Amino acid sequence: MIRKSFLYNTIILLWAVSALFLSSCDNDHVISGDGVGTEFTVSKDSMVFTDNGGSTTLAVRAAKEPAITSSADWLTVAVAEKGNNVYNYVITATTYTASSEKDYNNRTAVLTISDGVSSQAVAVTQTPQYGIIIDDPSTKVADIGADSTTAIISLRANGAYAVLSDVDWISVTNGTRGLTASKVTATVNKNVSDARSGKISFTLGKVTESVTFSQSEGYTPSDMGKTAQQLTKFMYPGWNLGNTMEAGSSSNLWTDNGGVGAEFLWQPTATTQALIDAVKAQGFKSIRIPCAWAMGHITDMTGYTIDKAWMNRVQEIVDYCIKDGLYVIINDHYDGGWLEDDGFISSADVKNKTAQLTLIWTQIANKFKKYGDHLIFAGLNEPAKNDNLSVNSYIANLYAYEQAFINAVRATGGNNAQRVLAVQGPETNIDKTVENWDPAKLKDTATGKLIVEVHFYDPWQFTGLTADASWGNMWYYWGDGNNGDSNRTADKYEESYISDQMIKMKTTFGDKGYGVIIGEYGANQRFSIGTDAIHDASIKAYYTTVNKYAIDNGCVPFAWDTNTLTYPCMTILKRVNTSIFNSNMMEGIMSGVAAAVWPY
């Protein structure tokens with residue numbers, strides 16, 4: 001038969017032991033026995049509390065009720081239960097709030113338990129709240145020059161903290177970590193534009209410290225001495241960031257309804273430094289960034305002010321390119337057709353449109369006037385491309401707009417006084433440009449600083465036609481030896497034609513000292529790679545041929561790339577993971593570059 005006293009003591013002991021699990025960091029010892037013995041035993045020899053404080057239980061077995069004292073006033077003792085030779089106490093720690101720097105360290109106390117014969121000490125530790133302190137408050141705001149620099153930030157913390165820079169031109173490297181001494185190195189990129197500021201934050205728990213960097217304006221040192229033709233020697237091959245910064249709706253002309261989200265209207269991927277790094281890694285030397293300005297990015301109709309956020313986003317992408325040592329072109333692209341279409345019809349208000357173009361390019365030029373010779377401005381895109389007009393009917397308008405563009409940029413001074421500028425031939429069509437247009441009619445205060453731009457999508461039956469037309473069928477196959485169905489195989493406009501077109505650009509413009517770029521070229525891959533081997537070979541051959549003959553004749557070819565991942569498309573790189581989407585195109589480009597010889 002179980003004695004009542006034994007059952008009582010057992011229940012008390014089980015309750016005491018189970019209470020020990022309320023504090024997972026305590027060092028527990030089970031008090032065993034029937035409760036009648038007098039052996040002095042304490043259930044714990046140490047305790048740990050967090051900064052929030054709290055309570056835990058201590059059980060003692062002794063011949064008589066023991067005395068318990070605390071060495072600290074933040075640690076208190078209360079009797080919870082008394083039994084036969086077993087005594088239970090509630091040990092409570094108050095909240096540990098940091099009121100001074102020392103309060104970020106652990107605090108300790110000792111509980112002393114004695115029954116007059118035996119005694120034992122229990123070590124108690126309370127961890128502090130998370131704390132992080134920058135040693136020198138005067139370093140929380142740093143004024144720095146435009147040049148790239150590093151800054152050592154000394155701080156102390158009692159835990160692993162998070163570091164965040166709110167701008168991409170300040171990067172952070174964690175140094176030693178140990179409240180424990182810590183050093184963090186902040187690297188600030190060179191500033192080539194307006195004054196700017198950014199902040200680094202250090203967060204541990206609910207505590208945040210920060211350092212703000214204010215960087216003065218700067219510019220890219222450059223002698224700006226290269227002529228346009230000398231510059232283009234270093235620019236091939238080129239790549240277009242297509243369907244991105246030129247995206248939008250013509251319904252938004254002369255409004256600010258586009259916003260920075262317009263970048264994603266025609267393709268889904270944000271342009272990042274990693275993407276530009278990948279473009280460079282593939283062997284491209286220059287990037288053309290087609291841009292919209294009037295189409296959704298004008299905040300007022302008086303001064304035609306460009307939305308600051310949009311301008312800054314364009315600058316951010318330009319900076320990605322400059323950081324990688326790439327040449328970069330920004331233009332006023334189709335832009336809702338405000339000039340490309342409406343500026344060349346018979347009723348065009350040339351005076352008003354010239355004034356609008358001047359205001360737009362003055363703002364762009366001022367934003368970038370401290371950039372070096374790796375940045376090129378292109379005034380227009382494909383002037384009068386969609387109007388089906390005779391060149392003679394609009395050539396005077398074209399000269400007027402291009403002269404306004406040149407004058408606006410040069411008037412801003414700085415590096416813009418000698419910046420290389422690109423001007424476009426009629427409809428950027430090679431034959432119409434060679435036969436009808438002369439850049440010598442444009443006056444420029446800088447000498448030898450003009451690039452002539454044309455585009456090349458010939459033959460359209462192969463490169464772009466998406467349905468058979470009355471004037472011709474779609475061609476799937478192109479180039480020497482790439483013969484398929486006779487109705488789908490090009491029977492003209494092949495290698496010799498491309499060579500002849502590029503020779504025209506060389507003799508008409510290159511040999512007279514102008515730089516020349518093929519600002520866009522491309523051919524649709526009509527089927528997924530591997531579906532039609534002859535079509536695959538045709539695409540590769542086309543890209544090889546355009547690059548070889550363009551470069552052989554002093555023209556820099558810029559491949560059009562839209563980031564469209566369905567066929568037909570001209571996408572070369574899959575931007576979301578910076579991988580090659582079309583190996584036919586990529587291999588063709590590099591094959592053509594390898595086979596070419598620059599003539600100047």
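Is Glu427 buried or exposed? Glu427 is buried, with a relative accessible area of 9%; buried means under 20% relative accessible area, exposed over 50% and partly exposed in between, computed with a 1.4 Å probe on protein chains only. The backbone of Glu427 has a positive phi of about 60°, although the residue is not a glycine. Glu427 is placed in the loop between strand S24 (421-424) and helix H7 (430-436), where helices (H or I, at least four residues) and strands (E, at least two) are DSSP runs numbered from the N terminus.

The structure is a predicted model, in which local features need pLDDT of at least 70 and side-chain atom pairs count only at pLDDT 80 or more, while totals for chains, interfaces and linings use all residues. Residues are numbered from 1 along each chain as its sequence is written, and side-chain values use heavy atoms, with hydrogens and water left out.

The predictor's confidence in each residue is given by pLDDT, from 0 to 100. The mean pLDDT of the protein is 91, and 92% of its residues reach 70 or more. Over residues 1-24, however, pLDDT stays under 50, and the model has 34 contacts beyond four places in sequence for this segment, a contact being heavy atoms within 4.5 Å. Residues 32-36 also stay under 50 in pLDDT, with 11 contacts beyond four places in sequence. Where pLDDT is low, the predicted coordinates should not be read in detail.

The interior may be approached through its nonpolar cores. A nonpolar core is a set of buried Ala, Val, Leu, Ile, Met, Phe, Trp, Tyr and Cys residues joined through side-chain atoms within 4.5 Å. The largest one has 110 residues, of which Ile289, Ile330, Ile364, Phe368, Phe377, Phe456 and Tyr543 touch the most other members. Helix H6 (residues 391-411) contributes the largest share of this core, 10 residues. Apart from it lies another core, of 20 residues, including Leu75, Ala109, Leu111 and Val124. In soluble globular proteins, nonpolar side chains tend to be buried together. Beyond four places in sequence, Tyr543 touches Tyr521, Gly522, Ala523, Met570, Ile572, Met585, Gly588 and Ile589.

Helix H5 (residues 350-368) contains 19 residues and reaches 27 Å from its first C-alpha to its last, close to the 27 Å expected at 1.5 Å a residue; the expected span is 1.5 Å times one less than the number of residues. Its buried residues are Lys353, Thr354, Gln356, Leu357, Ile360, Trp361, Ile364, Ala365, Lys367 and Phe368. Because they cover an arc of only 160° around the axis, they are on the same side of H5, the arc being that of the directions from the helix axis to the C-beta atoms. An α-helix has 3.6 residues a turn, so residues three or four places apart point the same way. The cover over the buried residues of H5 includes strand S21 (305-306), helix H4 (308-323), strand S22 (327-331), strand S23 (375-378) and H6.

Helix H4, with 16 residues, reaches 22 Å from its first C-alpha to its last, close to the 22 Å expected at 1.5 Å a residue. Among its buried residues are Trp310, Arg313, Val314, Ile317 and Cys321. The buried residues of H4 pack against H3, strand S19 (286-289), S21, S22, H5 and S23. H4 is followed by Gly325, whose phi is positive, near 75°.

Met245 counts as buried because its relative accessibility is 0%. Its contacts beyond four places in sequence are Glu263, Ile289, Pro290, Cys291, Ala292, Trp310, Arg313, Val314 and Ile317. With a disulfide defined as a pair of cysteine sulfur atoms within 2.5 Å, the count comes to 0 disulfides.

A cis peptide bond joins Tyr236 and Pro237, with omega about -5°, and Pro237 is found in the loop between helix H2 (228-232) and S18. Another cis peptide bond joins Asp458 and Pro459, with omega about -10°; Pro459 lies in the loop between strand S25 (450-456) and helix H8 (460-463).
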